Amino acid sequence: MATAQQGNNSLMFGKVSKSGLMSFLSAQGILIFFLISMVVFSFFSEQFLSQSNIMSVVRQASIIGIIAVGVTVVIIGGNLDLSVGSMLSFATVMVVDLHDKVGPTMAIILMFALTLMVGAINGFLVGFMRLNSLIVTLAMLSAIQGGILIYSGGQNVDIANQDGTWFSVFGRGYVAGIAVPVVIFAVLAIIVQVVMSYTSYGRRIFAVGGNPVAAVYSGIRKNWCVFSTYLISAFCVACAALVLGSRVMGSQNNVGQGYELLVLAGIILGGTSLLGGAGSIWKTVIGVLILGFIQNGLLLMGYPYYTQWLVTWVIIILAVWLDLANKRKRLLTTHS
Amino acid sequence: MINVKGFLKGGGFIQPIWVFVIVITIFFSFMSDYFLSFGNLSNILVQTSTIGLIALGMTYVMINGNIDLSVGAILGLAASLSVGLQDHGLAVAVIAALASGLIIGAINGLIVWKTGVNAFIVTLGAMIGVRGLIFVYTGEQSFYATNFAFSDFGAASIGPFPLLAIIFLICALVMHLVLKKTGHGRNTFAVGGNAEAALDAGIRIGRHMTINFIIVGFFAALAGVLLATQMGAATPNLGRDYELWTITAVVLGGTKLTGGYGSITGTLGGVLAIGILRNGMNMMQVPAFYVLVILGVILISVLIIDQKLNVHASKGVSI
C-alpha cells in the first residue's frame, strides 16, 4: 500500500520518476494543461486572475467539491455512487422544508440523520448485499427523486423569513474574509485526505478497493469498509445541501439533478481511477477546481455557458488517455 | 416447484421478466377497465418505442461489456437537428439527424477502441459534451416543426397499428436475428464474456465494439427523430435521464453489466415492463412520482434475486 500511496501523492509533491522528461510531462499533463489554460485565460481577460474572481470561482466550485470529496472515498473503495445528485436534492429540500417547521438547528440535525440513512441504504446494498454499485445507486437515484416528489407533492420549497435566520451563514457568510462554503470544502478535504493517507482506516479502504480478496484474507472487514464509504459520501452530500439550501434559501425538487456527473467529471479529471484502490482527495480538489476555472475562463472570454461542457468532454478523455498512454508507454492500443 | 430456480435463471422457455410483464398486465387489467383495450395497448407500444429503440442498441453494447451513457444526449441532438434543419428539406433534416447519431457513436467507439479509456468515462464525457453541443446549436431554444408531413408521421398508422410501434417491433426483430444468427452477434457475446480469450481467438474486438457503439448511436438518433415526430417539436433538454431508463430496462431484461450475457427478447420484456407500469399506474391515477420509487425498488430486487441465483454475480465487478 505504501507504494500506491506514494504514487498517489506524486501529483502534489511533483516527484519525478526516472524515465525522463516526457514521462514527467505526460504524468503531470493535467496540471500542465491547467497552467497553460490559466495563462491563456489571463491574457484574454484582465479580471481572470483577480483575487475576487478566483475566490468566487472556488466558492462556486465548493458544492461540487464537497460532494466530490465523499464520492472519491467511495471510488477508492472500488465502488461508484451515482445517487449523490438525487441525494443532494433530497437533503436540500429536507433542510429547507424543515427549517420553517422545526427551526434551523433541528432541521439541520434531521437533515443529516435522514441523508445518512439514505447513505446507509446504499452502503447496506453494496457493502453487505454485495450488489453492483452502479445499478444500485442508479436505482437509488430514481427512487430518491421519486421520494422527494412524493414528499413535496411536486412543489418547490422555500424559507419564508429569509433575513431573520442564522441559517444563511452556511451559504452566504464569511469567516475571516473567506466564504463559508470554501471553508467547509477545505476543512472536509483536509480531514478526509488525512484520514485516507495517515490512518489505518484509510489504508483499509485503499486495500479493499485495490484487491478485495486479498483485503478479506488480511482480516479486513470489507463489508463494513464499503458501508462506511457510503456514509462518508452521504455526510458530504449533507454538507453540500447545507451550503446549497442556505445560499438559495429555497429549493427546487430536482436541484441536484446532474450533479453526479459533474462530480464524476471532476474526480476523473483529477486522475482518480474508477477501478478503485488508487486516488486521492488532493487530485479531486484539483480536478474540481480545473473544471471551475475553465468554466469561469470561458465565460469571461465571452463564450456561451454551454461551451464548457464541450471542453469538459475533450479534457476528461484526454486526461485519462494521457494517464493510460503513460502507463503502457504507447499512445494507442495495438489490438484490432 | 422443482425447477423454480432454473426457471428464474432464465434457462427455461420463458424469461422471468416476461412472467413479470404478464403478471402486471393481469393486475392492471383488473384495476382498470380500459387497460386491456386495443387502443391502450398500442399506446403503450408507441410510448415505449423511444426507450425501446435505444435499449435495443444498448443491449448490444452491454453484452459487449461496455456501457453508453451518451444516448440521452444523442437523442436530444438528433431531435433538434431533425426539426431545426427542416428549412433545408425534410429528407436532409432526418438524414442529418440520423448521421449525427452514427458519427457520435463512431467517435465513442473509436475512442474506446484506440485509446483504451473505459467506455463509462468516454460516454460520460460525450453525454456532457453532446448536451453542450445541443445548447450551442439551438441557442437554448425549442424548435417547432412547420412541416406537417413530419408530425403526421408520428401519428400515422398502418391499418389499426400505429406506425411507430411497427417500426420498433421490426427493429427489435432485426436486432434479435443479428444477435442470434450472425458472426457479429456471436463475437459480441465472445468479447463481452472474455475479451482476452476473444482476442486470442482472433476476434477483432475493437471493431466489434466500435460497430456496437455506432449501432446504439444510430438507434438513439432514430428514437430522437421519432420522438420529435410525436411531439412535432424538439426541446434542448429532450432525452435527459433517458440513459438511466434505458439501462434500467436492459438490466431488467436480464442483460449483465459485466458483459457476455443478455438477449433482445429480455430487453423487450424490460422495456414493456417499464411501459406497462407507467401506463397502468397512470390509469389507476397514481402520481407519476411513485413510478420512480417502484422502478428503483424493482431494479434492486432484480439484482438481489439475480445474485441469489448466480454465484458469479456475487463477485460484483464494479466498473
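The model is predicted, and local features are reported only where pLDDT is at least 70, side-chain atom pairs count only at pLDDT 80 or more, and totals for chains, interfaces and linings use all residues. Residues are numbered from 1 along each chain as its sequence is written, and chains are lettered from A, with ligands numbered from 1, in the order in which they are written.

The predictor assigns the complex an ipTM of 0.84 and a pTM of 0.88. Confidence in each residue is given as pLDDT, on a scale from 0 to 100. Chain A has a mean pLDDT of 88, with 91% of its residues at 70 or more. In chain A, residues 1–18 have a pLDDT below 50, and this stretch has 19 contacts in the model beyond near neighbours in sequence. Two residues count as in contact if their C-beta atoms, placed from the backbone, lie within 7 Å. For chain B the average pLDDT is 89, and 93% of the residues score at least 70. Residues 313–319 of chain B stay under 50, and the model has 18 contacts for them beyond four places in sequence.

Chain B contains 14 helices and four strands. These elements are DSSP runs numbered from the N terminus: helices are H or I runs of at least four residues, and strands are E runs of at least two. The C-alpha trace of chain B spans about 60 × 55 × 35 Å along its principal axes. Its radius of gyration is 20 Å, which agrees with the value near 20 Å for a compact globule of 319 residues. The radius is taken over C-alpha atoms, and the globule rule is 2.2 Å times the number of residues to the power 0.38. Of the 319 residues in chain B, 52% are buried. A residue is called buried if 20 or more other C-beta atoms lie within 10 Å of its own, exposed if 12 or fewer do, and partly exposed in between, with C-beta atoms placed from the backbone. Among contacts in chain B between residues at least 6 apart in sequence, 78% join residues at least 24 apart.

Helix α11 of chain B covers residues 205–231. This helix has 27 residues and reaches 39 Å from its first C-alpha to its last, close to the 39 Å expected at 1.5 Å a residue; the expected span is 1.5 Å times one less than the number of residues. Because 23 of the 27 residues of α11(B) are buried, the helix is largely enclosed by the rest of the structure. One residue of α11(B) is B:Leu227, which is buried, with 25 other C-beta atoms within 10 Å. Leaving aside neighbours within four places in sequence, B:Leu227 is in contact with B:Thr50, B:Leu75, B:Ala79 and B:Leu238. B:Leu227 and B:Gly154 are 73 residues apart in sequence, and their C-alpha atoms are 7.7 Å apart in space. After α11(B) comes B:Gly232, with a positive phi near 65°.

Helix α9 of chain B (residues 183–193) has the buried residues B:Thr188, B:Ala190, B:Val191 and B:Gly192. The cover over these residues includes α3 (38–63), α10 (195–200) and α11 of chain B.

Helices α8 (residues 163–181) and α13 (residues 264–283) of chain B pack at an angle of about 150°, with their axes 9 Å apart. Axes are lines fitted to C-alpha atoms, for helices over the stretch in contact, and angles run from 0 to 180 degrees between N-to-C directions. From α8(B), B:Ala172, B:Met175, B:His176 and B:Leu179 meet B:Ile264, B:Thr265 and B:Leu268 of α13(B). This contact has five nonpolar, two polar and no charged residues. Here Ala, Val, Leu, Ile, Met, Phe, Trp, Tyr, Cys and Pro count as nonpolar, Asp, Glu, Lys and Arg as charged, and the others, Gly among them, as polar.

The contact between the chains takes 44 residues from chain A and 46 residues from chain B. On the side of chain A, α7 (133–152), α13 (259–270) and α15 (307–328) each supply at least two residues. The most comes from α7(A), with 15 residues. By class, this side has 30 nonpolar, 13 polar and one charged residues.

A:Lys329 has a positive phi of about 60° although it is not a glycine. A:Lys329 lies in the segment after α15 of chain A and is exposed, with 10 other C-beta atoms within 10 Å.

How values were computed
pLDDT = per-residue confidence, 0-100.
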